[in-house]
Amino acid sequence: MAGNGTDAGPGSDSFPTSSRAAVTALFLAHHRRLVGLASLLVDDHGSAEEIVQDAFESLYKRWNGLRDPSTAVAYLDRSIVYGARSWVRRRVTARSFVPPEAGVLPSAESAIVDGRRKEELALAIRELPQRQREVVVLRYYLDLSEEQIATWLGVSTGSVKRHAFRATAALQKRMEAWA
Amino acid sequence: MNELETAITATLQAEAEGAAMTTDTTHEHEILNDRLDDVDRHRRRITWVGAIAAAAAIVLVIVGVRTLGTSHIPEPVSPSPSSVPRHVTTAFRPTVSLVVPAWVRDSTSAISTENDREAKWSVCDGGCGKGPSSVLAVILVASVLDPRSPTGYSAANQPEKFLASLQRSEAAGSLAITDRSTTTVGGFPAIVLTIDERRNVSNGFGCEIAPDQRCYDLSSDWDRLAVVDYHGSTLVLAASTNRSATDAVKADIAAQFDQMLTTVRFDPRPSPSAS
């Protein structure tokens, strides 16, 4: 399971004190993971990288305002989710004519799902309505609880449950049709 | 966790790992360094402007005290306009300076992003979708084509065209336009209006005029817009929130957005008559 924002971060003893050094250290430690997270929420790789850049720039601007520097990683995670939403919600798009990025490589860890089925499932997740897609990513990739997801997305826990139910029902149906 | 959930988790991990493996962290780090350099330059500029303003204020106070005599206690000096923090875009073109509304400026969780075509602030503290804190404030250049014509690249870019496209969307029932008025923003003619997006329409807000254009959807938002005729180009400033926000929240957002418009300056500030 991917990190959920509690990784070693600026709270560690050896963490650099200047904001520039701190943000750089965080970038080197978390950049790839965050691009992975962003790529689950938007359709093209370039947008995912730009959202991650935006998140780190925003963190740098607000570094001195962080009450607790150890929350920086969680701040980045949330920035990615909000950045992706803002990208998708009206500002994204291009969705109808920019094909999803090719070249996403399968992982050996995912042997539980055969190749074609996994591709179909990945496509089905990408085609979910944005809010359902966010709930699926936060639940099954970041391993957040329903309460945490509700807080992140600013909705009720009941709403999270409904989105999760609809999403898994749609994915189940898609998988059954594929089979 | 059932079989489907296990499959979802595995698929998401594989997708994320695949995307992570295709990114070049070294190259991206160089890009980030450039962006942070821009932030530092911007901060230094603000510091110098602040220092000069503070020095000027001190000189004025000293002169005032000497003029009034040492036995007179001067009235409190009201904050100078320069004490209000202005945001100056660094990557966005044209360069815009403005006073960001307090609910964004004072938020500890505001996330700002900027590139050459868009500068925006997202505020979600207290939870996106709840009250004024849920506001998604966006300032962007929308060099807009007709809606849903993403491949129709054209040099034509009149603000009237953008407004006409909104009106067509209104006629089609996709949105409603209210509170339309004429004003100036940064010395340029502008139309300010409110739109209530009633349908999700892919590319319904139009597409940028650029070789690598992005398109904008209509997506159940409520927006206060200023469509600025910037030398014949369409420059859109917007404050957006969810349609479900209360009328009081929307009114508050509109008021603060309209106030923000009065602070907008373009730098270098071109003469509207030059267009």
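Buried means under 20% relative accessible area, exposed means over 50%, and partly exposed lies in between, with a 1.4 Å probe and protein chains only. Keep that in mind for Glu134(A), which is buried at a relative accessible area of 2%.

Some ground rules. This is a predicted model, where local features need pLDDT of at least 70, side-chain atom pairs count only at pLDDT 80 or more, and totals for chains, interfaces and linings use all residues. Residues are numbered from 1 along each chain as its sequence is written, chains are lettered from A and ligands numbered from 1 in the order written, and side-chain values use heavy atoms, leaving out hydrogens and water.

Salt bridges, then. The term means a side-chain nitrogen of Lys or Arg within 4 Å of a carboxyl oxygen of Asp or Glu. Which residue does Arg131(A) bridge to? Glu134(A), with the closest N and O atoms 3.3 Å apart. Both sit in helix 5 (residues 130-140) of chain A, three residues apart, so about one helical turn separates them. Helices here are DSSP runs of H or I, at least four residues, and strands are runs of E, at least two, numbered from the N terminus. Arg131(A) is partly exposed at 25%.

Now across chains. Asp54(A) and Arg35(B) meet in a salt bridge at 2.5 Å, N to O. Asp54(A) is in helix 2 (residues 45-62) of chain A and Arg35(B) in helix 2 (residues 25-68) of chain B, so this pair joins two chains. Asp54(A) is buried at 7%. Arg35(B) is buried too, at 15%. The network of salt bridges links Asp54(A), Glu57(A), Lys61(A) and Arg35(B).

Next, Arg139(A). Its side chain forms a salt bridge with Asp143(A), 3.6 Å from N to O. The charged end of Arg139(A) also sits over the ring of Tyr140(A), 5.4 Å from its centre. That call needs NZ of Lys or CZ of Arg within 6 Å of the ring centre and within 35 degrees of the ring normal.

Last, aromatics in chain B. Rings of Phe, Tyr and Trp (its six-membered ring) pair if their centres lie within 6.5 Å; planes under 30 degrees apart are stacked, over 60 edge-to-face, the rest tilted. There are four such pairs over all chains. Phe188(B) and Phe266(B) have centres 5.4 Å apart and planes at 85 degrees, so they are edge-to-face. Phe188(B) lies in strand 7 (residues 188-197) and Phe266(B) in strand 12 (residues 265-267), 78 residues apart. Tyr230(B) and Phe266(B) are 4.8 Å apart at their ring centres, with planes at 45 degrees, so that pair is tilted. Ring pairs link Phe188(B), Tyr230(B) and Phe266(B) into a cluster.
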